[in-house]
Amino acid sequence: MNHQSEEPGLRKVLRPVHLWAIAVGLVISGEYFGWNYGWGVSGTVGFLIATLIVTLMYVTFIFSFTELTSSIPHAGGPFAYSYRAFGFMGGFIAGYATLIEFLFAPPAIALALSSYLHFLHPAIPILPTSIACFVVFIGINLLGIKESAVFSLVVTLLAVAELMLYMGLVAPDFKVDTFMSEPMPFGWSGVFAALPFAIWFYLAIEGVAMVAEEVKEPKRNIPKGYIYSLITLVLLALGVMVLTGGVTSWRNLSDIDYPLPEALSVVLGKDNSWTKLFASIGLFGLIASFHGIIIGYSRQLFALARAGYLPPVLGKVNKKFRTPHWALVAGGVVGCVALLSGTTDQVIIMSVLGALVMYIISMVSLFVLRKKEPELERPFKAPFYPWFPAIALLLCCISLVAIIWYNPFLSLIFFLALIIIMLIYVVLGKHKSKIKADLLLEKEL
């Protein structure tokens, strides 16, 4: 234990306002792009139904997940909860799923960032700019969590203000007839096909769990950060989606990475100064999420390496800046490889698959820990237990089945990789290596 205490730890500096900024920042790019692909498989009303289902799923999930985060404030987040409930393999499944979610979301956002820049200046190439985004924002994250959180706060406030401005600009041109044109062209099957894109509205809000070790008074402040951010995101998601669907045919916006500037150009004209300004400052929403998710994947890699699931080098903390520098770089390399291998919608679906598996095992862990450790201090308890976690678990399972049904090839890759890596761990005897993880969890808890 002595050699571990000599290692520099993570710095506890974050307050509720920082958590709100990180949570909203993690997610807010989902309001700018990605969700519109759901229109392509469901139409406006079909996607609205899918979004309401997913909103209910996230409300019940976050109010349940907050119990775990405030009770077990550990940088591993879902990995720590599942390890505590099920042991090494439970931790492995949750860690794998969370890594897939947080490693595949940044490439999708980097592509959107580059597409927004390309929309403004067609001479800017998309792929090289996407790679440059990784280099720049990994550099910012290396400077320290407080500096990163302040940056998140500034760009998140700008992104929220911009979405409110956008809604104000398009609201006068909203027409119910436009929104109701071809409302459900693919019937109820389209609603299920649209679920992954509705999930993109809220994906990664749970990433706050991964900075839990860097929060002042985590058991009091984490619930505040989650609840305020969830309210913000629900209002923004529904407002942006409904108003955008009422200004032009959804078919014009369902397969591009910059739907909001395009919608504004329909309302005001592409050369209008508001349209150009929006496309320019629209980058803030994407930057906030890109920056926040880099924080999330680095802390997940760090926690998994520290517990013995990944090479120890990824669990090192920089002595000067107190940031997990090798984890930041490694995740960036994976993200750049993903940029070369998939389109935006495919990368989103892969990220959502990881998220849903993680949500499911987290909710099951909540039920198990309630029985296994009734004496565990729970500063925040899931309201309406067991109904809230049960509703979240049921909707997550339905969403996972729907995504597997409509995306069999990507799902096969996801689960095949999970099985292969798990078999490698078993062959190497890693599944028996519980002492290190146990000690670390006891140390953190």
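Let me begin with disulfides: this predicted model holds zero of them. Cysteine 133 takes part in no disulfide, and the nearest cysteine sulfur, that of cysteine 336, is 9.7 Å away. Cysteine 133 is also buried, with a relative accessible area of 9%. A second case is cysteine 396. The closest cysteine sulfur to that of cysteine 396 belongs to cysteine 397, and at 7.0 Å it is too far for a bond, since a disulfide requires sulfur atoms within 2.5 Å. Cysteine 396 is buried as well, with a relative accessible area of 0%.

I turn now to the chain as a whole. Which secondary structure elements does the protein chain contain? There are 20 helices and zero strands. The protein chain has 445 residues, and a compact globule of that length would have a radius of gyration near 22 Å; the value here is 21 Å, which agrees. Along the principal axes, the C-alpha atoms fill a box of roughly 65 × 45 × 40 Å.

Among contacts with a separation of 6 or more, 86% join residues 24 or more positions apart. Of the 445 residues, 60% count as buried. The accessible surface comes to about 16,700 Å², and 70% of that surface belongs to carbon and sulfur atoms. As for charge, the protein chain carries 29 positive and 25 negative side chains, with the centres of the two sets 10 Å apart.

In the loop between α17 (344-372) and α18 (387-406) we find proline 386. The peptide bond that joins tyrosine 385 to proline 386 is cis, with an omega of about 5 degrees.

Two further loop residues have positive phi values without being glycine. One is glutamate 182, whose phi is near 50 degrees. Glutamate 182 sits in the loop between α9 (176-179) and α10 (187-193). The other is alanine 204, with a phi of about 90 degrees, in the loop between α11 (195-199) and α12 (218-245). Are these residues buried or exposed? Glutamate 182 is partly exposed, its relative accessible area being 36%. Alanine 204, by contrast, is buried, with a relative accessible area of 2%, because buried means under 20%.

Leaving aside residues up to four places away in sequence, asparagine 318 touches Thr323 and His325.

The buried residues of α13 are Pro259, Leu260, Pro261, Ala263, Leu264, Ser265 and Val267. After α13 comes glycine 269, which has a positive phi near 100 degrees.

Methods:
Residues numbered from 1 in each chain as written. Predicted model: local features only at pLDDT ≥ 70, side-chain atom pairs only at ≥ 80, totals over all residues. Heavy atoms only, no water. Helix = DSSP H or I, 4+ residues; strand = E, 2+ residues; numbered from the N terminus. Rg over C-alpha atoms; globule rule 2.2 N^0.38 Å. Buried < 20%, exposed > 50% of the residue type's maximum accessible area, 1.4 Å probe, protein only. Contact = heavy atoms within 4.5 Å. Areas by Shrake-Rupley, 256 points an atom, 1.4 Å probe, with all protein chains shown as cover. Lys, Arg positive; Asp, Glu negative; His and termini not counted. Charge placed at Lys NZ, Arg CZ, Asp CG, Glu CD.
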